[in-house]
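Please read it alongside the sequence and the structure shown here.

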Amino acid sequence: MRRLILAAALLMVYCFIVAARVEATPLFSVQSSSRCDSCHEEPDPSVPRWVEDNYSLGDRKCTLGCSSCHLNPTGGMVRNRTGLYYGTHTLNMVKVPQDFVPIAGKLSALGDTVMLGGDFRTMHLFTNQSGETESYYFPMQADLYAGVRVMKYLSIQMQAGIERGGNSAVREYFALVHGLPYRLYAKAGRFLPPYGLRMDDHTTYIRNATGLDQSDPGSYYGGLEMGIEPLLVYAQAAYFYEDSPPRSKTADIKKGFSAMAGWRGLWLQLGGSIMKVQNFEVTTLPSTTDREMHGVSGSLRFKNLSCLFEFDRIKDETRAISGITTRKTDVEFSELDYLIIDGLNLKLRYETIEPDAAAGGTTRRRTAAIDILPYPFMDATFQYRRTEEPGGKFKDYIAMMHFWF
């Protein structure tokens with residue numbers, strides 16, 4: 001605990017000195033805190049009636065959460081009208097007219113009844129290991145989204161895409177009850193459980209080491225999720241289970257719960273997460289591993305300077321005939337960005353993963369990147385990444401193109 005408090009304090013000081021604005025998807029909410037004009041016409045926060053007029057706390061729609069741009073309250077998938085507007089008129093270098101008609105305009109014309117979207121990524125990777133350089137080119141993501149409002153408070157969503165190996169897959173599908181007072185919602189179906197920062201980069205340790213890698217079909221579960229977001233505070237919880245055929249018998253399926261709660265302010269976001277999964281891994285029966293995770297995550301912003309961070313403690317408890325063994329893993333993530341102008345962002349990222357907190361053997365990864373968003377519906381990322389692990393060191397040079405609508 002002392003280590004966590006000290007790390008958080010040092011990180012906050014460092015962010016205020018040299019921090020930068022983060023372009024990662026979770027921090028779009030932080031960026032939007034200074035762009036109220038995405039939703040409001042000539043907003044003036046100094047005028048009380050701008051905030052209070054015609055709205056009680058339960059009816060207020062302003063939020064810095066994922067649901068401000070996505071129909072899915074935990075982020076990702078189909079974008080709503082605000083998300084399309086923000087992505088086409090605010091994020092990119094070249095500003096388009098208010099009546100911009102291509103895809104975003106046509107989708108907005110459908111209103112809130114039928115919503116479509118998609119994300120497509122390609123990557124060129126140059127990697128240098130043991131003095132040898134290799135080059136790879138492959139598609140990273142090909143997802144299509146659909147959302148249909150069945151009734152005023154009920155919508156259905158689906159995400160279909162390509163999984164590893166090129167096989168088609170439907171990753172997420174659920175019924176969503178939303179639009180209730182205090183931004184209360186509930187969804188039932190197949191989804192990625194709420195926990196930590198939902199980064200769009202699945203290679204980060206806070207996603208793949210925690211078992212929440214959105215490119216891995218095993219990270220998705222069937223279940224029920226509920227949440228509430230009255231203005232600045234939020235809370236989300238989910239009960240879930242493995243929705244694929246059980247390995248041998250019902251008692252061995254993966255099942256568990258996760259929960260998040262915290263604060264989303266104009267310059268500070270801070271929250272805590274917990275997740276427990278029974279039968280997280282089942283090797284040769286009766287050997288099974290249960291997983292328990294705790295984490296703290298958040299962000300800081302000062303004008304064009306921002307900081308994104310997360311710390312997780314993972315405890316895996318394996319039961320076997322020989323007895324019970326416990327393994328603890330620490331995962332740390334921090335990212336500093338500087339937004340030069342709209343659509344041009346510089347990024348520094350530092351990650352560590354310590355497979356056994358008691359035994360040591362830490363893996364460290366440092367990343368420097370530039371994000372370029374020249375026009376609506378497209379962005380490019382160029383990264384230099386250096387990884388140091390107990391078995392050696394290697395470098396990666398990455399060029400990625402992202403197209404969305």
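This is a predicted model: local features need pLDDT of at least 70, side-chain atom pairs count only at pLDDT 80 or more; totals for chains, interfaces and linings use all residues.

Strands, labelled E and at least two residues in length, are DSSP runs that are numbered from the N terminus. In this sense Ile341 is found in strand E12.

- Because Tyr221 belongs to strand E6 (residues 221–228) and Phe240 to strand E7 (residues 233–241), the pair ties together parts that are 19 residues apart in sequence.
- Tyr221, at 1% relative accessibility, counts as buried, and Phe240 is likewise buried, with a relative accessible area of 0%.

**Aromatic pair Tyr384 and Tyr397**

- With ring centres 5.4 Å apart and planes at 50°, Tyr384 and Tyr397 also make a tilted pair.
- This pair links distant parts of the chain, given that Tyr384 is in strand E15 (residues 378–389) and Tyr397 in strand E16 (residues 392–404), 13 residues apart.
- Tyr384 counts as partly exposed at 31% relative accessibility, and Tyr397 is partly exposed as well, with a relative accessible area of 40%.

**Charges over rings**

- The charged end of Lys187 sits over the ring of Phe174, at 4.5 Å from the centre of that ring.
- Arg264 lies over the face of Tyr234, where the distance to the ring centre is 3.8 Å.

- Leaving aside residues up to four places away in sequence, Gln236 touches Pro73, Thr74, Tyr185, Pro194, Met226, Gly227, Ser258, Ala259 and Met260.

**Nonpolar surface patch**

- A nonpolar patch on the surface is formed by Met93, Val94, Tyr338, Ile340, Ile341, Leu346 and Tyr375, which together have about 590 Å² of accessible area.
- Strand E12 (residues 323–341) gives the most to the nonpolar patch, with three residues.
- Ile341, one of the patch residues, is partly exposed, with a relative accessible area of 45%.

Technical notes
Residues are numbered from 1 along each chain as its sequence is written. Side-chain values use heavy atoms; hydrogens and water are left out. Helices (H or I, at least four residues) and strands (E, at least two) are DSSP runs, numbered from the N terminus. Buried means under 20% relative accessible area, exposed over 50%, partly exposed in between (1.4 Å probe, protein chains only). Rings of Phe, Tyr and Trp (its six-membered ring) pair if their centres lie within 6.5 Å; planes under 30 degrees apart count as stacked, over 60 as edge-to-face and the rest as tilted. A charge sits over a ring if NZ of Lys or CZ of Arg is within 6 Å of the ring centre and within 35 degrees of the ring normal. Contact means heavy atoms within 4.5 Å. Patches are made of residues with over 30% relative accessible area and no salt bridge: like charges are joined within 9 Å, nonpolar side chains (Val, Leu, Ile, Met, Phe, Trp, Tyr) within 5 Å. Accessible areas come from the Shrake-Rupley method with a 1.4 Å probe; for residues, only the protein chains shown count as cover. A salt bridge is a side-chain nitrogen of Lys or Arg within 4 Å of a carboxyl oxygen of Asp or Glu.
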